[in-house]
Amino acid sequence: MSDKQVVKGNPKEQELGNITVSKEVVATIAALETIKTKGVVGIASGYRSKSTNVLSRKDLVKGVEVWMKTGEAAITIPIITDYEVGIFKVAEEVQHRVKDAVCSMTGLEVLKVNVNVQGVKFKEETKKPRKEKKEKEEKQKETEK
């Protein structure tokens, strides 16, 4: 399959010609909609590598996989979610947002949006209490001297 696919119609139906959209464009739309979703920490580097590394903003597209046929697309997105938010609700919201965005921006019919939750990020302990504790201990030592 090529990287670009005809979005709608065939040349006989199109007076002005064909409209093609690349897989990278679809992946970019999907990635941007995904990271906008509340509860998504980031996009993982891909389900094949079984890695839970969060991709940087410039590399988000690398984690998203897109399969295309004429006028149709299927998308797989590996995400990392926040523990505080319900995983199922986050994944479902990603599916709806990605499907709506890709359909409206490209005219493609989105057959599937597969969301693979690759990891969950837990609320990290803040380092401030430890620093504050050290500062208090240092102040106590200074006052004792």
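Tutor: One term before we start: a residue is buried if its relative accessible area is under 20%, exposed if over 50%, and partly exposed in between (1.4 Å probe, protein chains only). This is a predicted model, where local features need pLDDT of at least 70 and side-chain atom pairs count only at pLDDT 80 or more, while totals for chains, interfaces and linings use all residues. Residues are numbered from 1 along each chain as its sequence is written, and side-chain values use heavy atoms, with hydrogens and water left out.

Student: Which strands does strand 5 pair with in the antiparallel sense?

Tutor: Strand 3 is one, over 3 bridges, and strand 4 is another, over 5 bridges. Two strands count as paired if DSSP finds at least two bridges between them.

Student: How do strand 5 and strand 6 run, parallel or antiparallel?

Tutor: They run parallel, joined by 11 bridges. Have a look at Ile79, which stands opposite Val117 in strand 6. Together with helix 2, these two strands make a right-handed β-α-β unit. Right-handed means that, with the strands pointing away from the viewer, the path from the first strand over the helix to the second runs clockwise.

Student: Why is strand 5 described as largely enclosed?

Tutor: Because 9 of its 11 residues are buried, the rest of the structure largely encloses it.

Student: New topic: the core. Which residues touch the most other members of the largest nonpolar core?

Tutor: Val26, Val64, Ile75, Ile77 and Val98 do, out of 25 residues in that core. Helix 2 (87–106) and strand 5 (72–82) are among the elements giving two or more residues to it, and helix 2 supplies the largest share, 6 residues. A nonpolar core here is a set of buried Ala, Val, Leu, Ile, Met, Phe, Trp, Tyr and Cys residues joined through side-chain atoms within 4.5 Å.

Student: What does Val64 touch?

Tutor: Skipping residues up to four places away in sequence, its contacts (heavy atoms within 4.5 Å) include Ala27, Ala30, Ala31 and Ile43.

Student: And Thr34, is that buried or exposed?

Tutor: Thr34 is buried, with a relative accessible area of 0%. You'll find Thr34 in helix 1 (residues 23–36). Beyond its neighbours within four places in sequence, Thr34 is in contact with Val40, Ile43, Ile77, Ile79, Val94 and Val98.

Student: Last one: how many aromatic pairs are there in the whole structure?

Tutor: A search finds 1. Tyr83 and Phe122 form a tilted pair, 4.9 Å centre to centre with 40° between the planes. Rings of Phe, Tyr and Trp (its six-membered ring) pair if their centres lie within 6.5 Å; planes under 30 degrees apart are stacked, over 60 edge-to-face, and the rest tilted. Tyr83 lies in the loop between strand 5 and helix 2 and Phe122 in the loop between strand 6 and helix 3 (128–144), so the pair ties together parts 39 residues apart in sequence.

Technical notes:
Helix = DSSP H or I, 4+ residues; strand = E, 2+ residues; numbered from the N terminus.
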